[in-house]
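Dear colleague,

I am passing on a structure that I would like you to look over, and below it I have written down what was found. Please read the notes with the model open beside you.

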Amino acid sequence: MTAFTLGLLVTAWWLHRLPEPLPMAPGLVLALLVVTAGASAGLRRFGYRATVPWAMALGVVVAWGIVSVTTNSWLEETLAPSLAGEEVTVLATVTSLPEHTGHRSRFRVTVEAVIAGPEAFRARELLVAAYPARPEVEAGTRGHMALRLRPAEGPANPGGFDRAGWFYREGLHGSATLLDLELLGKGGKGVPAEPARPWRADLHRVRGWLRERLEVAAPELRHPGLVQALVIGDRQGMTAPEWQAFLRTGTNHLMAISGLHVGLVAGFVGLLSGFIWSGLLPLQRVLRKAAFMALAGLAGAAVYAALAGFSIPTQRALIMLAAFMAALLWRREAFAWRGLMLAAIAVVLWQPTSVLAPGFWFSFGAVAVILLLLQGRSGRPGWREAGSIQVMLALAMLPLSLAWFQLGSWVAPVANLVAVPVISLLVLPVLLVGAGLAALWAPLGQPFLHAGDGVLALLVGLLDLLSGLPVLVDERRVPLVASLLGGVAVLVALQPRLRLGAVWVVLAGMALALPMRPDIEPGAVRVLLLDVGNGQSALLQTRNHTLLFDAGPGRSGGYSAGEQIVVPTLRAEGVQRLDRMILSHEHAAHAGGSAGVRGSIPVVETLRRVPAEADERACEVGEGWDWDGVRFEVLHPPPGWDGSASASCVLAVETAGGVRLLLTGGLGGLGEAVLMRGVPDGRASDLLLLPRGAGADSLSRGWLDDAAPRLAWASTDARGRGLAADVRERLETACVPLQETGLHGALRLEANSELEVGPGHRARHRRLWQPAPLPPSREQEGCNPAPTDETRW
């Protein structure tokens, strides 16, 4: 079973790393059989079991088949980029717990029939947003919905959230905006004959009903979001400070219903059923006490897992629990490793895309670590052993947390020592009793819910205190390979019998401390233009200094590209501090994300048009400095200008090798004319970062006649908006190749004596769920082609 499980998991993970689906061609299958036969013969010759390669090959073939079927099915139904902005009318049912905020509702729908729309529309599962909020929508709501479509796409940046990958993993074929809703059935018109409501709708309707009962029973809880997360697995109500307190202390796993919670419920129900069995003589004649307790515990665990929406951790826990209960019923010894492997096999067969979820690897990895730590121990572990295992588990999971969440908490062992028993033994049982009583009659559950909420308030206060110790929180991203090596080092270090290999522990652990980026030579600059949608942000790095030019879009109290895109990218690039941040002008597309950046990354100094803080200065012509042999100079605006686009800061960067870069921010109109007249020689550049949202008059005053760059970059959205057609035409006429963030993802180059440019993040890191990159545009004769691979100029 070990070989089959290994072949299944590794193959399913590897196939999802490919840029395109790998077809099951006869030649490839034959090659696999030949290799397997050769490996089997070699093992037989040396006296080992020859069945191992065949079991692994079977796992490979099974994973290959299910991933191929899943991928091809999703690609056939996902929204094509050409459907962006199209409108359809469908008959659909809400199949999730709706998320209602002050200005928006968001929910998942299953399309049952297409009433009107383009022929290319085949999507069945959509994530729908409604503006303003539609509180009347609940799980199971069925009706005619007019939708404006949006494909499963999003920004593409190093270390950034892969929106298309998340849609693929969740089985969603795209998103849409609700334009109109005509309810059917209750509260609306009659329901068409033979409604086929998905089972998920009924499941989430029950979860929604229980959430309402909790709100009615205890409307004044201090932490209602945490209560709902523990009882029904709904984390929508958790506030940002609550989530940060658990995340920064490494206890966020407690807010996802997992094996720990499911096992506790199974044990509680089993214990209660034992008392029931003792009082019922007819039942004693039919079933043994152990069998009745096992079946009752499994049933209780299944109900609790259903309330959690059957998440990956609950699937794993249920399957392992079922294997253990089956061994108990048949009076056979339960082998924990086989139960774990059986659970992994079942989850991957049921949902092959689960290997893309961090929760999958954290869930199974945590159990594997516990089994390793328990190996060789006899008897039941006591409180001291349980605490020791909890500390070791927190340390072992730290490298994976750095790899996936760019956050590692060195205080996690201490925090988990407190939080795990508090949640498991005090909070969760009390809340479950309160929820059960509230479902019967709200006043019955109120005291229990308030008691659990009170303990949660004390715990959150302690976690807030621990999370405020910055020296104990490591916020950076490490490569996956380095994190795996670091995890191996932790496990080896924690195994007494393996500590003799201290040298190997040190070598493996060094992977976590190695520099995140290759060194930049003196006089050179590395530039990364981030894909932030309707905004602009560029990262410039010299050998020892870092500068951020604009921070992306954002709005107060709402979305911030600085927090959600720029900061993760900075951490992925190994940036721990910004020596300077320049906000070219005060428009929200350039400066809106600055608060999110400053809240997460130390910024030594800020240059902007309208200084407001002590560490901010006005960005004006004449400002210049040298970093590591690279010259930086502000060319615009003159002193006294306001914060409008015409007064945008323009930054020139020149390397020691003579390569010149020009970043124009949001320059336009009068500002462009003044720059051309005041600094006629300053316009010359090898790379020109075009003004964001460049209008039809941009570059229309002869800029390209005598100062045409070798390459132009533009910050656009996924549909190419943000750059006028007239500007594209001028660049094409002047033989200037163009790269856009909206089409190519984040753009990267290195410059010293020459430009080294690549094709963009989408092409470098394409996955099978992402649309194929656009073919390079046809260039005029005698013009330089746009970069499609590593290009030097």
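Let me begin with a question: is Phe360 buried or exposed? Phe360 has a relative accessible area of 1% and is buried, because anything under 20% falls in that class. Please bear in mind throughout that this is a predicted model.

Trp361, at 24% relative accessibility, counts as partly exposed. Elsewhere, ring pairs link Trp74, Tyr168 and Trp769 into a cluster. Two arginines are also placed over rings: Arg580 lies over the face of Trp625, at 4.2 Å from the ring centre, and the charged end of Arg683 sits over the ring of Trp703, 5.7 Å from its centre.

As for the protein overall, the secondary structure comprises 26 helices and 24 strands, and 50% of the 793 residues count as buried. Among contacts between residues at least 6 apart in sequence, 69% join residues that are at least 24 apart. The accessible surface comes to about 36,400 Å², and 61% of that surface belongs to carbon and sulfur atoms.

Helix 6, which covers residues 224-232, is mostly covered, with eight of its nine residues buried; among them are Leu226, Val227, Gln228 and Leu230. The buried residues of helix 6 pack against helix 5, helix 7, helix 8, helix 10, helix 15 and helix 16, and just after helix 6 comes Gly233, which takes a positive phi of about 70 degrees. In helix 12, which spans residues 336-350, you will find Ala343, a buried residue with a relative accessible area of 0%. Leaving aside residues up to four places away in sequence, Ala343 touches Arg316, Ile319, Met320 and Phe364, while its C-alpha atom is separated by 7.7 Å from that of Ala317, 26 residues apart along the chain.

There are three cavities of 30 Å³ or more, and the largest cavity has a volume of about 50 Å³. Its lining consists of Leu15, Pro21, Leu22, Trp64, Val67, Ser68, Thr71 and Leu768, and helix 3 (residues 51-77) gives the most to that lining, with four residues.

Some points of the backbone deserve a look as well. The peptide bond from Tyr131 to Pro132 is cis, with omega near -5 degrees, and Pro132 lies in the loop between strand 4 and strand 5. A cis peptide bond also joins His636 and Pro637, where omega is about 10 degrees; Pro637 is found in the loop between strand 16 and strand 17. Asp628, although not a glycine, has a positive phi of about 55 degrees and is placed in the loop between strand 15 and strand 16, where Asp628 counts as partly exposed at 22% relative accessibility. Cys735, which is not a glycine either, has a positive phi of about 60 degrees; Cys735 sits in the loop between helix 24 and strand 21 and, at 27% relative accessibility, counts as partly exposed.

With kind regards

How values were computed: Residues are numbered from 1 along each chain as its sequence is written. This is a predicted model: local features need pLDDT of at least 70, side-chain atom pairs count only at pLDDT 80 or more; totals for chains, interfaces and linings use all residues. Side-chain values use heavy atoms; hydrogens and water are left out. Helices (H or I, at least four residues) and strands (E, at least two) are DSSP runs, numbered from the N terminus. Buried means under 20% relative accessible area, exposed over 50%, partly exposed in between (1.4 Å probe, protein chains only). Contact means heavy atoms within 4.5 Å. Accessible areas come from the Shrake-Rupley method with a 1.4 Å probe; for residues, only the protein chains shown count as cover. Rings of Phe, Tyr and Trp (its six-membered ring) pair if their centres lie within 6.5 Å; planes under 30 degrees apart count as stacked, over 60 as edge-to-face and the rest as tilted. A charge sits over a ring if NZ of Lys or CZ of Arg is within 6 Å of the ring centre and within 35 degrees of the ring normal. On a 1 Å grid over the protein atoms alone, a cavity is a set of points where a 1.4 Å probe fits but cannot get out, and a pocket is an open set with protein on both sides within 12 Å along at least five of seven lines; lining residues have an atom within 4 Å of a point. Grid points are joined across faces, edges and corners, and a volume is the space filled by probe spheres set on the points.
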